[in-house]
Amino acid sequence: MTERFGFKTLINEDEVFGLCVFPVGSNNFDEFSNEQTALTPKQTHSLNVGIVEYPWETFEDTDALVTFREDCPIGVCTADCVPILLYAPDIKGAAAVHAGWRGSLGGIVDNTLDILEKRGADLGKLTVAFGPSISAAKYEVDQNLADKFIEAGFSDCVTYPDGNDRKPHIDLQGVNIERLIRRGVIKENIKPSDECTFDSILENGVSKYQSYRRDGDKAGRMVTAIGMHPGMHQRH
């Protein structure tokens with residue numbers, strides 16, 4: 001697996017690990033998904049969050065998962081959308097979120113925070129990490145979509161790098177970071193990604209990360225996953 005897939009560590013702490021796994025030199029998503037061991041939902045760009053009780057569960061029409069089990073890593077699949085990993089150390093809870101423009105605008109990360117908070121998490125203690133996603137520089141949209149983000153209170157995440165008479169760009173990662181901070185997550189506990197999926201062509205011409213906007217239906221998917229180290233519940 002290590003020859004066909006690459007790994008990027010996003011969280012590496014005593015209690016929890018988080019990483020992004022991506023195909024190397026192949027866009028074979030079926031092969032990729034069969035080998036990855038994290039539980040992932042059937043994503044539909046919804047605002048639905050599932051709570052994992054058993055490792056063999058399936059989650060239809062779901063774009064974020066929360067677990068309190070140390071034997072069940074969870075993840076989301078992306079190819080430009082924003083993958084977000086969250087860990088609540090005080091309740092030993094982990095979450096993986098898929099946020100495209102619909103999830104970012106609708107607040108799927110807020111829905112995830114609601115579940116953690118209802119279970120007793122102090123959001124000020126959360127660790128949050130973002131996996132690679134499309135950057136604002138490459139995410140050009142129509143004005144009507146940009147207006148929706150502006151009306152929702154995220155005007156700072158809408159820019160016009162080519163001039164005010166040209167199409168706007170949206171910083172989806174920035175929208176979700178702002179949502180987290182507004183809910184009380186400490187900025188220093190948030191680890192943004194500085195890598196753009198669209199703009200990830202290596203010197204040999206091979207793409208490092210999958211990008212639907214760049215490659216269309218030929219794009220594969222990456223899995224961004226989080227899990228708790230075995231035995232951590234017994235240590236606390």
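In which loop is the place of Asp 61? Select the stretch between strand 3 (49-52) and strand 4 (64-67): Asp 61 sits in that loop. Strands (E, at least two residues) and helices (H or I, at least four) are DSSP runs, numbered from the N terminus.

This is a predicted model, in which local features need pLDDT of at least 70 and side-chain atom pairs count only at pLDDT 80 or more, while totals for chains, interfaces and linings use all residues. Residues are numbered from 1 along each chain as its sequence is written, and side-chain values use heavy atoms, with hydrogens and water left out.

Stay on Asp 61: its phi is positive, about 50 degrees, although it is not a glycine. Its relative accessibility of 38% makes it partly exposed, a class between buried (under 20% relative accessible area) and exposed (over 50%; 1.4 Å probe, protein chains only).

Next, select Asp 80, in the loop between strand 5 (74-78) and strand 6 (82-88). Asp 80 also has a positive phi, near 140 degrees, but counts as buried at 7%.

Now select helix 5, residues 172-182. Eight of its eleven residues are buried, so the helix is largely enclosed by the rest of the structure. At its start, a side-chain oxygen of Asp 171 reaches to within 3.3 Å of the backbone nitrogen of Gln 173. Just after the helix, Gly 184 has a positive phi of about 110 degrees.

Finish at Asn 176 in helix 5, buried at 0% relative accessibility. Show its contacts (heavy atoms within 4.5 Å): leaving out residues up to four places away in sequence, Asn 176 touches Val 82, Ile 84, Ala 99, Ser 104, Val 109 and Phe 130.

Technical notes:
A polar contact is a pair of N or O atoms within 3.5 Å; within protein, one must be able to donate a hydrogen and the other to accept it, and residues adjacent in sequence count only if both atoms are side-chain atoms.
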